[in-house]
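Visitor: I have not looked at this one before. Can you walk me through it while I ask questions?

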Amino acid sequence: MINSLKDPLGVCIPLEFEQQVYTFWSLMKLGERFDLNLSHIPYSIRLLLESLLRSVSMGHVDMDTIDSKIHVLVNGKEKTAIPYLPSRVLMQDFTGVPVLVDLAAMREAIKELGGDPTQVNPVIQTDVVVDHSIIVDYSNSSDAFVRNTKLEFQRNQERYKLLRWGEQTFQNFRVFPPGMGICHQINLEYLASVIQVKEWGSAQVIFPDSVCGTDSHTTMINGLGVLGWGVGGLEAEAVMLGHPLMLVSPSVVGVELKGRLGPGVTTTDLVLTITDKLRREGVVDQFVEFTGEGMRFLSLAERATIANMAPEYGATCAYFPVDDEALCYLRMTGRSEAQVKLVENYYKLQGLYWTENDQMPMFNKLIEFRLDEVEPSVAGPVRPQDRIVLKDLKTSFRASLETTLGSQEFSQNGRNGPEVRVQLDDQTITLTHGSILLAAITSCTNTSNPAVMIAAGLLARNAVERNLCVPAYVKTSLSPGSQVVSDYLASSGLMLPLEELGFHVTGYGCMTCSGSSGPIDPRIALAVKEQGIVTSSVLSGNRNFEGRIHPSVQANYLASPPLVIAYAIAGTVCIDLEHEPIGYDKGTPVYLHDIWPSDEEIAFMMRTFISKDMYIKRYDQKADERWQAIPMVKSELYHWEEDSTYIKKPPYFDKVTAPKSIIGGRVLALLGDSITTDHISPGGVVDSNNPAGLYLKENGVEREAFNTYGSRRGNHEVLMRATLANIRLKNKMLPGVEGGFTMHYPSNQMMTIYDAAMRYTAEDIPLVIISGKEYGTGSSRDWAAKGPKLLGVKAVISESFERIHRSNLICMGILPLAFQLGENSGFLGLDGSEIYDISGIEQLQVGMKLSVKALKENGDLVQFIVRACIESDDELKYYQSGGILPLVINNMLLSMSHFSSEGSNRRI
């Protein structure tokens, strides 16, 4: 890391363990020097303080500012920028491939400017888990996993060649091939060490494990006491290359857990309830830390499930301190006893180990949450924070038909609206509003939790014993987060009843939740489209945004794995599962409570059939032969294939210019509240009728080979054409129209957003996007910023931004601007036809207010003030440099110039 360990604060002390001496940055010593009472400080802030001490040793913090930074960080009221040093970077392949494309392009740019391309190389451990590429093409069959995996390798050879090049070329870069599980569960079960040991000169230093990830659900690892959260891919690239992650000192909301969950209440019910409550409490951009006596009654897997959903309630992270339960989990998942003991010794010595008798820290805000008040719940139909008590789903869905989902009405005869009959081979099925087309036990939120997976298996067993089955129109799938899930389901005998109900393993990856739900029967899809039936899905994931899950499904509900099976059997969400029968056993009604497993049986099955040997065996496996057979060449530079439709050299380093005031700008899209990154950069299968699909057709790609938008993120030509192309996008410039369309001015022509952007670019007209609250909520995908950048968007004006997306915009050189409190496009009377001037950008400062002038077609002028949502000097540097990647390259060139005779004049 560094030649010699520097300790200007005098806080480094030794830790002796098993005849080895380690050096660590002591929080106790820090407390003595700065008169801090560590017991009053939240555990998550203690971890930031430890990282700050290491930053001082590495020269990232000036000694004359350390005092103020420490005290601001501790009080949590004022704001200051602090460098944070994650020890690892974690990526899934949808975000990892674009990062590799960027790194390959950076190497080329460095070489073209006369530098050493090998300097573009990860300096900290970086892991990519290939978990997003598999699609549920086949389901409800014993060979579904084999067939889906075969298709995955066929479709993604070009992408996988890039990943193979990366793992052969870069240092500290590792790829987990397809079929192992999702990145978050592999992180939890295998990658996370909880402590890090590194050589620092002649010293062995020890410090807390930490991670930043290019997936928003990186927060799942907080359940194990490892601090980590999602960042944009651009920030992750900078971290990989040795730059600290700049963090604005956070406020910490404490959640005091009381009581314990009642009988029959699952962790999913708990998570959906917490998400609902914390969204309403307002924890966006804040740290959430859990405490209280209720912690004793939550397993590590349950904590991880809660932490996973932090993006859904808007928090930066959701931290559970290291305690006895964390140590038990490390042992259970096959970590060595020496590692577990070292974790225990270090965290106790640092005052980072939680016990129930500890004094509660002083939080900026404390929220009480009673576990014993949680009820069985689902969430939907379009947002994960919209919780519905289970017994109310029937009436809630009906109400949503006239609000969220359109103006559909139910018939007066008690039926669920119009009925459509579809002939499927040897049987006729009947569909109506609320019919479930997809029932997916999918990976991200729940399959890390054996309790809900065992519960699902037991419910399936009980349902089969009562002769219940799933209707033919319901597409069922089981996508575990790791292979260990299949092991304990098989050893317990519960895989068989799951398969009998159609829940065969379809793959080990993020499938339905990310929009890779695959096709439904085309006869059903056609009937739904022609007759306007509002169909549903029920999934155990964490995302249900508009247009995400499947184009034929409008209402998507999040639920626990056993409830997914229950609803699949019922075949509709228009049912009160507490009071109406789920089905019939030879004419006898069967209710949900008749087949719901007891907590005692679930606990017994977990004790009996889950062992640490399962984890050790699975993670000792060698890579798939198909992965090893992918051809790759070890070379400094990547060999771009001209005819590739998956991987293209990006144009981010061409003609980089400093930002300037916007004069004569036009609105590309005028949007409402809760615009997600799915709206901005869609997921799921590529639409053959939009510009992205037309581009693929023009390049000789057959419709069946289009694959998903996510798999095409290495090709900017596809993704810029897909920007703002979500089928459910509502652009207020075109009332009553859904999809990626806009109005071009002054021609007053309706066209696709991509076509309009290209026309404006040809006319040299800068573009802005205007939106409401929570712009950029959802996934961390950097393409939601890269796409608008390539379309010519210079600024986004919104009421508020989600943290990761705001950062991504800045890192791409797009200016995020916030309306003044109480103002928005409606209040100001803006309709998107105006001509915009935004002055003062050349003199921009952190948090500066700017004047916007909007000239209407009739000559009226609307003037209003916005605030630049740039929160630190480092973010300002990123923006002024045209983005973080040009800044990183120029810094590299400047560093190289110190060791050459060429000086420091080379710039991108």
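Visitor: Where does Asn 140 lie?

Guide: Asn 140 lies in the loop between strand β5 (125-129) and helix α5. Helices (H or I, at least four residues) and strands (E, at least two) are DSSP runs, numbered from the N terminus. This is a predicted model, in which local features need pLDDT of at least 70, side-chain atom pairs count only at pLDDT 80 or more, and totals for chains, interfaces and linings use all residues. Residues are numbered from 1 along each chain as its sequence is written, and side-chain values use heavy atoms, with hydrogens and water left out.

Visitor: What is phi of Asn 140?

Guide: Phi of Asn 140 is near 55°, a positive value in a residue other than glycine. Asn 140 counts as partly exposed, at 47% relative accessibility. The cut-offs are under 20% relative accessible area for buried, over 50% for exposed, and partly exposed in between (1.4 Å probe, protein chains only).

Visitor: And Gln 19, buried or exposed?

Guide: Gln 19 is exposed, with a relative accessible area of 87%. Its place is the loop between β1 (12-17) and β2 (20-25). Gln 19 is not a glycine, yet it has a positive phi of about 65°.

Visitor: Which residue follows α9, and what is its phi?

Guide: Gly 282 follows α9, and its phi is positive, near 85°.

Visitor: What about α9 itself, how far apart are its end C-alpha atoms?

Guide: They are 21 Å apart. Helix α9 covers residues 267-281, and at 1.5 Å a residue its 15 residues should span 21 Å, which agrees. The expected span of a helix is 1.5 Å times one less than its number of residues.

Visitor: How many of its residues are buried?

Guide: In α9, 12 of the 15 residues are buried, so the helix is largely enclosed by the rest of the structure. Among the buried ones are Asp 269, Leu 270, Ile 274 and Arg 279.

Visitor: New topic. Which peptide bonds are cis?

Guide: Pro 381 is in the loop between β16 (377-379) and β17 (387-389). The bond from Tyr 745 to Pro 746 is also cis, with omega near 5°. Pro 746 sits in the loop between β27 (741-744) and β28 (749-752).

Visitor: How many disulfides?

Guide: The count comes to zero, where a disulfide is a pair of cysteine sulfur atoms within 2.5 Å. For Cys 212, the nearest cysteine sulfur is that of Cys 811, 12 Å away. For Cys 513, the nearest is that of Cys 510, 5.1 Å away. Cys 212 counts as buried at 1% relative accessibility, and Cys 513 counts as buried at 1% as well.

Visitor: What do seven strands close into?

Guide: They close into a barrel, in the order β26-β29-β30-β31-β34-β33-β32, with mixed pairing. Two strands pair if DSSP finds at least two bridges between them. Neighbouring strands of this sheet are turned by 35° against each other on average, direction ignored. The axes behind that angle are lines fitted to C-alpha atoms, for helices over the stretch in contact, and angles run from 0 to 180 degrees between N-to-C directions.

Visitor: How many bridges join β26 to β32?

Guide: Two bridges join β26 (residues 662-670) to β32 (residues 835-839), and these strands run antiparallel. Ile 662 has Ile 838 in β32 as its bridge partner.

Visitor: How much space lies in the largest pocket?

Guide: About 1,300 Å³. On a 1 Å grid over the protein atoms alone, a pocket is an open set of points with protein on both sides within 12 Å along at least five of seven lines, a cavity is a set where a 1.4 Å probe fits but cannot get out, and lining residues have an atom within 4 Å of a point. Grid points are joined across faces, edges and corners, and a volume is the space filled by probe spheres set on the points.

Visitor: Which helix gives the most to its lining?

Guide: Helix α18 does, with five residues.
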